[in-house]
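Colleague: I am new to this structure and would like to know what stands behind the terms used for it. Please show it to me before we start.

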Number of protein chains: 2
Amino acid sequence: MEKESWLMTTLKQLNLTDSMEQEEGFSRLGYSEEEWKSIAVFEEKAISIGLEVRRDEAGNSIARWNANDDKPALAMGSHLDTVKNGGGYDGVAGVLCGLAAVKELKEEGFQPAFPIEVICFASEESSRFGVSTIGSKAMTGQLNKGQLAEVKDDDGISIKEAVESCGLSWKNITDAERPKEALRQFIELHIEQGTRVEEAGKSFGIATAIACPTRLMIEIEGQSSHTGSTPMDKRKDALVAAAPIISFISQRARQLSDENEVPVVATASMANVYPNKMTSIPGRVELGVDIRSVSDELKRGLADEIQLELEKMTTQYQVKINTRTLVDDDSVFLNPSVTESIKETGEQIGYHGLMMESGAGHDVMNMASRWPTGLVFIPCRDGLSHHPDEFASESDLNMGVEILKQYMKNEASNPS
Amino acid sequence: MEKESWLMTTLKQLNLTDSMEQEEGFSRLGYSEEEWKSIAVFEEKAISIGLEVRRDEAGNSIARWNANDDKPALAMGSHLDTVKNGGGYDGVAGVLCGLAAVKELKEEGFQPAFPIEVICFASEESSRFGVSTIGSKAMTGQLNKGQLAEVKDDDGISIKEAVESCGLSWKNITDAERPKEALRQFIELHIEQGTRVEEAGKSFGIATAIACPTRLMIEIEGQSSHTGSTPMDKRKDALVAAAPIISFISQRARQLSDENEVPVVATASMANVYPNKMTSIPGRVELGVDIRSVSDELKRGLADEIQLELEKMTTQYQVKINTRTLVDDDSVFLNPSVTESIKETGEQIGYHGLMMESGAGHDVMNMASRWPTGLVFIPCRDGLSHHPDEFASESDLNMGVEILKQYMKNEASNPS
């Protein structure tokens, strides 16, 4: 039997497993014991290839090559936390490929002209606290400590408590902020979580922008009554009022995507029905809606159109509707020159890249507020992510390593 | 201050309360301690007016006037259990008015020609175990003991365990069955749970038939993926596939009700969405549907049409759909001569009755399988039931007492 590669062994180690085939997937929530164990593996691995490691005040782990050089570093990285029952590649791929690229460059005797870092950000996923990218927010001075402290997970544990249970001090978390002169660039590698690269017949993707979400919570209040004794024309059925909205959101986003240069995606992703009993007409429905486009105009236009549709439902179905905007972030545009350099780097070693938007948020969107940044996508099977069947092939991971390696060679040999 | 009537005092006592205004309503689930306490109040009250009380093997309580006479009895009654956070009139009204009618007849010195009973059936509501009218099923030999024993409530307690926790023996529950010669008639009084009586400008309702439900559980299986990175045309969104079905069920039932003599009601009353996370496309939806009409043909025709619509969705939305029929009961027709007698009784004392169908199921539908039966509706405010705001006025409750009293006078003075 062929000896397993360092890459595949490390993939499993970072996932704290012997096998990537796990029916229940991987669950390493942000600021949990599992995330901490995975970061500890990252640090052992980084030390073993000769990097110097430090954990900052937000729990981000920074592995640095040429640590004593105080020039601005070229940094790469991603995260090791997952959603509940998620996959073993989302986040892990970026940390792994960064580490592998550095290892290979060191083995080849490459001498970078300035420090190189691999960063593992803490708590990227929003699934535990409803707040994403906590580690990279802290590193870029964007953490609203007062607002977040008492945000709780499903078990009633606050972010503050979770952070402190990891041995960190909530009081000091904002000290994780790094000045502009600490880094020269940041590059994230991530699985695509879609199938656009494959469909375009390309090998990898380069994100030009990140479509940050607008999120609505729509509360439809009708009147619950008995399913058997309430005539059809006397009903205030909140689910019947919700149905055309669900259809509208999907149809209109598809239409806008067809009509415009940049796509719009919109999803009624959550629906809670009350009382949710077989013999009771739904008296109340809560509908969670997630809308994204790198065109903030298209995105907010769709949010406005949804609001207009809701107003129609109010009259038509005799319901009251209240809409709360939970999130309404501007899109983040990545550095065009970094983005172009990544594309050229790929071509240099035989991989053709697709310039595309990212529908999902990543740590790089925070890093972009302070440093020139780029985002590399490697394909994942069927575009699946946040799922036990999430998968990226060894060859695509290796391509990721090669691209990062070549990028460092190009950049760190010739400091501008 | 005017002294409170026996009726209003007893209403509160049966509801185990000092005030009918309860924000959380009343929760006396079937075979619970609360139901048992309420039945105990009923029995004390029955004994205090001189009735003989026995509890049968299913927990039904039977209060008998002229207990030593073994002629077939004229029985009235309903139930004292409620849904969770239900009202204090659904079920209670029938038990209360029956008891009050007997009390007044006794006080007036009326001597019935045969025994009269007030029956309080155990566990009528389906909300605890998903199975309705357990007590009256047992009394009429329709309880499938083998099938029901292990049906569990939300806390994992089986019907068998619940029954035995009330001091009954599951083994003997079917001994509650009564032979045909035990009763001559059964009359249930119940709140209408709708507003048809009021809209027709009548005082009370008489049900000609009970529209028993056909219930479907529709499972729509799509593919969950990331809301941000999955283009609109690559989705298998189970909730988007469910939405037109929800609309169809409502629109088509309304159309059928307009086109036909008898109404059809149909409700997508339950919807469970998975994973129900803001950033995940719904990969799976379970939709519970309740369809009723006294026309079994219309009802089953609609169930078939829903199935055809579902098949369209399979192709259009790239989902798999599986439909299970949970319940498919034939309508129950009540005795026309009993029904006509109730109407005439009302007119005799100045109340005009509306002949109508019952959309909701009641204990009387089981009793109808063995005895001539009738069902009297008294109005309830806004047609609301299974809700803390459920309400029937003192004058409507008194009308109920008068109708039952006059009915007994008419029937029990002149045994046929």
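Predicted model: local features only at pLDDT ≥ 70, side-chain atom pairs only at ≥ 80, totals over all residues.

Colleague: Why is A:Ile342 called buried?

Modeller: A residue counts as buried if 20 or more other C-beta atoms lie within 10 Å of its own. A:Ile342 has 27 other C-beta atoms within 10 Å, so the residue is buried. A:Ile342 is found in helix 10 (residues 336-348) of chain A. Leaving aside residues up to four places away in sequence, A:Ile342 touches A:Ile206, A:Gly353, A:Gly374, A:Val376 and A:Tyr407.

Colleague: How far is A:Ile342 from A:Phe42 in sequence and in space?

Modeller: They are 300 residues apart in sequence and 25 Å apart in space, C-alpha to C-alpha. A:Phe42 is one of the buried residues of helix 2 of chain A.

Colleague: How do you know what span helix 2 of chain A should have?

Modeller: The expected span is 1.5 Å times one less than the number of residues. Helix 2 (residues 33-48) of chain A has 16 residues and should therefore span 22 Å. The end C-alpha atoms of helix 2 are 23 Å apart, which agrees. After the helix comes A:Gly50, with a positive phi near 90 degrees.

Colleague: What makes the buried residues of helix 2 of chain A line one face?

Modeller: The buried residues there are A:Glu35, A:Ser38, A:Ile39, A:Phe42, A:Lys45 and A:Ala46. Seen down the axis of helix 2 of chain A, these fall within an arc of 120 degrees, so they line one face of the helix. On the other side, A:Glu33, A:Glu44, A:Ile47 and A:Ser48 are exposed. The cover over the buried residues includes helix 1 (6-14), helix 3 (92-107) and strand 4 (116-121) of chain A.

Colleague: Which residues are buried in helix 1 of chain A, and how do they lie around its axis?

Modeller: A:Thr10, A:Leu11 and A:Leu14 are buried in helix 1 of chain A. Their arc, seen down the helix axis, is within 110 degrees, so they also line one face. Helix 2 and helix 3 of chain A are among what covers them. Just after helix 1, A:Leu16 has a positive phi of about 55 degrees.

Colleague: Why is strand 8 of chain A described as largely enclosed?

Modeller: Eight of its ten residues are buried, so strand 8 of chain A is largely enclosed by the rest of the structure.

Colleague: What makes strand 8 and strand 9 of chain A a pair?

Modeller: Pairing needs at least two bridges. Nine bridges join strand 8 to strand 9 of chain A, and the two run antiparallel. Within this pairing, A:Ala266 stands opposite A:Ile291 in strand 9 of chain A.

Colleague: What contributes to the contact between chain A and chain B?

Modeller: Chain A gives 57 residues and chain B gives 57 residues. In chain A, helix 8 (238-259), strand 8 (265-274) and strand 9 (284-292) each supply at least two residues. Helix 8 gives the most, with ten residues. The side of chain A that touches chain B divides into 21 nonpolar, 27 polar and nine charged residues.

Methods: Residues numbered from 1 in each chain as written. Chains lettered and ligands numbered in written order. Contact = placed C-beta atoms within 7 Å. Helix = DSSP H or I, 4+ residues; strand = E, 2+ residues; numbered from the N terminus. Nonpolar A, V, L, I, M, F, W, Y, C, P; charged D, E, K, R; others polar. Buried ≥ 20, exposed ≤ 12 C-beta atoms within 10 Å, placed from the backbone. Arc of directions from axis to C-beta.
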